[in-house]
Amino acid sequence: MTMAEASTQDVLSWEARQGPRAAAAAAVAAILVIGSGLASAALFSGAPVTGVLDSLARAGRAGGVGDLPSLRTPYYVFYDDRAGSVLLTAIARGAGFVAVAFMLTYLGLAVRSRAGGFRRAWIYVALAGGILGAIATIMFTLGTSSEIGTFLDGPRTVDRAADIGNSSLLITAQLIGIPGTQAIGLASLALGLGWVVICLNAMRVGLLTRFMGVLGVICGALIVLPILSPLPIVQTFWLGAMALLLLGRWPNGAPPAWEAGEARPWPSQQEIRERRRRGGAPAEPEPEPAARAAGDGAAERGPHPASRKKKRKRRA
């Protein structure tokens with residue numbers, strides 16, 4: 001067995017061992033990411049809302065409104081009563097980001113084994129983004145709960161409510177960035193970029209179909225700029241589909257690159273058109289030897305004299 005064959009066998013053996021774990025990570029990530037989003041929406045579905053008219057009525061008060069009771073107090077009381085449940089949803093969401101990073105790490109290593117030019121740094125970027133996203137999510141929740149508790153234990157004034165969000169813990173969490181939120185930080189960029197680059201290269205070497213590759217790129221972009229539904233529906237669908245693919249349960253079978261242990265790029269649209277054109281065009285019959293010889297002789301002798309006369313008449 002040659003070194004190339006041994007290397008390919010090593011790659012396939014490693015992927016066979018780690019594939020089920022990566023599939024489990026994708027399935028767990030899908031459940032945790034969408035589950036935490038649904039749980040958070042359910043927790044805050046009945047949260048008190050500050051009335052706009054009440055805020056406007058205070059706007060013209062002489063001497064300012066800083067010493068008045070904050071209109072946000074009912075919301076903070078509502079949040080404080082559910083602080084434990086909010087923290088659990090944050091932990092679940094953070095664990096989902098770690099699971100996503102683990103699955104992307106597996107996919108990135110599979111890409112690298114089939115494309116030597118793929119930089120390992122992108123794998124570390126995705127892994128770091130998932131871990132930092134989990135840390136930032138939990139930090140932000142802990143900081144928010146602490147600030148609200150301090151506010152409720154002291155004067156519940158407008159000035160004191162305005163200080164919520166200025167703690168060092170909350171500022172640090174926002175700088176790190178929570179993936180899937182409007183606050184773009186280091187974690188959001190790292191996980192999103194790693195997701196995009198890994199999926200794009202996985203599609204190029206044939207590990208992902210074009211549909212799954214493009215959808216994976218969209219998922220990474222939505223981590224940085226969540227412009228669609230507040231719930232990660234697209235990401236959940238892609239993660240669930242990846243779990244099926246990595247388990248070998250893909251409807252039309254896994255892409256050939258997985259079994260080959262090397263790149264099997266998908267044909268481009270131009271190549272597909274060329275194949276269809278060659279396959280659809282009728283093959284011209286091979287001329288008989290005598291006819292081929294006669295044709296070659298006629299080509300050597302030049303055009304027929306009658307054709308010369310016709311050309312002269314046309315010139316005249």
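Visitor: Which residues line the second largest pocket?

Guide: Rolling a probe the size of a water molecule over the atoms shows where empty space is left. In this predicted model, the second largest pocket is lined by L12, E15, A16, G19, P20, Y106, L245, L246, G248, A254, W258 and E259. A pocket is an open set of points on a 1 Å grid over the protein atoms alone where a 1.4 Å probe fits, with protein on both sides within 12 Å along at least five of seven lines; lining residues have an atom within 4 Å of a point. Residues are numbered from 1 along each chain as its sequence is written, and side-chain values use heavy atoms, without hydrogens and water. As the model is predicted, local features need pLDDT of at least 70 and side-chain atom pairs pLDDT 80 or more, whereas totals for chains, interfaces and linings use all residues.

Visitor: What is the volume of the largest pocket, and which residues are closest to its centre?

Guide: The largest pocket has about 1100 Å³. It is lined by 46 residues, of which S40, R93, G180, T181 and P230 are closest to the centre. Helices supplying at least two lining residues each include α1 (3-43), α4 (83-114), α8 (186-205) and α10 (233-246). By class, 30 of the lining residues are nonpolar, 14 polar and two charged.

Visitor: At what angle do α8 and α9 pack?

Guide: Their angle is about 170°, with the axes 7 Å apart. Axes are lines fitted to C-alpha atoms over the stretch in contact, and angles run from 0 to 180 degrees between N-to-C directions. The two helices are therefore roughly antiparallel (over 145 degrees; under 35 is roughly parallel, 65 to 115 roughly perpendicular, the rest oblique). From α8, residues including W195, C199 and M203 meet residues of α9, among them V214, V217 and A221, where contact means heavy atoms within 4.5 Å. That contact has 13 nonpolar, five polar and one charged residues.

Visitor: How are α5 and α7 placed, and how are α4 and α10 placed?

Guide: The axes of α5 (residues 121-153) and α7 (residues 168-176) come within 8 Å and cross at roughly 155°, so this pair is also roughly antiparallel. Their contact includes A136, F140 and G143 of α5 and L169, A173 and I176 of α7; it has nine nonpolar, four polar and one charged residues. The axes of α4 and α10 come within 12 Å at a crossing of roughly 45°, which makes α4 oblique to α10. There V100, M103, L104, Y106 and L107 of α4 meet W238, L239, M242 and L246 of α10. This contact has nine nonpolar residues, with no polar and no charged ones. Y106 and L246 also line the second largest pocket.

Note on methods: Helix = DSSP H or I, 4+ residues; strand = E, 2+ residues; numbered from the N terminus. Nonpolar A, V, L, I, M, F, W, Y, C, P; charged D, E, K, R; others polar. Points joined across faces, edges and corners; volume = space filled by probe spheres on them.
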